Every structure is written in C-alpha cells, then in structure tokens.
Amino acid sequence: MKSEPDCYGIDDLAREGTGMWEGCRNYQVRLYLRDQMKPGDMAFFYHSNAKPMGIVGTMEIVGEAYPDPTQFDPTSKYFDAEATPENPRWFVRDVRFVRKFERCITLPELKETPGLEDMMVTKKGLMFSITPVTESEWEIVMGLAKK
C-alpha cells in the first residue's frame with residue numbers, strides 16, 4: 001500500500017496506531033480494498049514519491065471495508081459528485097501499525113532481488129496505490145528487512 005510520506009507516512013500511522021486508508025480513486029484498487037482484503041491480512045507500507053522510494057514497514061488490515069467519507073465531502077480533494085451514501089463508489093480500510101523497518105527497502109533493491117521479478121510494485125508503468133503481494137514475495141521482503 002503506497003502513500004507519499006509528506007502526505008501520510010509510516011510515522012503518522014505509528015503515531016495514530018490505527019488509521020483510515022482513504023483517497024484511492026482507481027477501480028482496480030477499489031476491488032482490492034472492498035473485495036480482496038480481509039481483516040488480519042498484512043500489508044507493506046510503501047513510501048512513494050520520496051527519496052528513497054520503497055517499503056518502510058508493515059501494517060495489518062483491521063475491520064471490513066466501508067465507504068470512503070471523503071467522496072461525500074465537497075471540500076475534499078477526493079470528492080466525487082456522483083457518489084452518494086446510498087450508492088458509494090469508493091471504499092476504505094482501516095490499518096493498524098505493526099512495524100517500521102530499520103531501513104527503507106528501496107525500489108531498486110526490490111527490482112534487483114531474485115524472486116521479486118513479478119512483484120507488481122517493480123513493474124514499470126503500474127501506478128496502483130495498492131497491489132497484491134504473494135506469500136513468497138512477502139517472505140523475501142521480510143528477509144530483506146532483517147539485513
């Protein structure tokens with residue numbers, strides 16, 4: 001799950017303990033949030049548009065998906081005039097801070113690591129803020145975090 005650290009970084013989540021992952025406006029990402037994630041699933045926290053970019057920690061999905069309240073707020077940059085409380089278009093998940101890594105596992109390192117060649121975050125042109133991670137990819141990245 002990607003976020004820009006100057007907008008909402010892992011330190012923000014660590015301070016809050018639990019936070020709402022909001023503002024996702026892509027239909028594929030909506031499906032991940034609404035239909036594929038389950039309470040108890042683990043996720044990587046990825047700092048995007050940062051120096052360096054990369055995975056900085058882990059978090060846990062808590063609770064069920066629910067309508068993103070920012071879609072109904074006309075003052076929000078995520079406002080969607082076509083969304084209604086009766087027919088929401090966008091969803092959120094709450095996430096709980098688990099761990100901040102001692103170092104950032106950078107995008108170049110991810111791209112160079114055997115076994116991560118198919119990891120979606122390493123693919124050129126894929127700009128999704130949320131992508132699935134296989135169990136094998138999870139284990140490899142967690143191994144990198146120990147180095």
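First, the ground rules. The model is predicted, so local features need pLDDT of at least 70 and side-chain atom pairs count only at pLDDT 80 or more, while totals for chains, interfaces and linings use all residues. Residues are numbered from 1 along each chain as its sequence is written, and side-chain values use heavy atoms, with hydrogens and water left out.

Now the fold. The protein has five helices and five strands. Those are DSSP runs, numbered from the N terminus: helices are H or I with at least four residues, strands are E with at least two. Read from the N terminus, the order is β-α-α-β-α-β-β-β-α-α.

Next, dimensions. The C-alpha atoms fill a box of roughly 45 × 30 × 30 Å along the principal axes. What is the radius of gyration of the protein? It is 15 Å, which agrees with the value near 15 Å for a compact globule of 147 residues. That radius is taken over C-alpha atoms, and the globule rule is 2.2 Å times the number of residues to the power 0.38.

Of the 147 residues, 41% count as buried. Buried means under 20% relative accessible area, exposed over 50%, and partly exposed in between, with a 1.4 Å probe and protein chains only. Take the contacts (heavy atoms within 4.5 Å) between residues at least 6 apart in sequence: 70% of them join residues at least 24 apart.

Threonine 122 sits in the loop between α4 (107-112) and α5 (135-146). Is threonine 122 buried or exposed? Threonine 122 is buried, because its relative accessible area is 11%. Beyond its neighbours within four places in sequence, threonine 122 touches Leu107, Leu110, Lys111, Leu116 and Glu117. A polar atom of the threonine 122 side chain lies 3.5 Å from the backbone oxygen of leucine 116.

The second residue is lysine 38. Lysine 38 lies in the loop between α3 (27-36) and β3 (42-47). Lysine 38 counts as partly exposed, because its relative accessibility is 40%. Setting aside neighbours within four places in sequence, lysine 38 is in contact with Ile61 and Arg93. A polar atom of the lysine 38 side chain is 2.9 Å from the backbone oxygen of aspartate 35.

Key: Polar contact = N/O pair within 3.5 Å; in protein donor to acceptor, adjacent residues only side chain to side chain.
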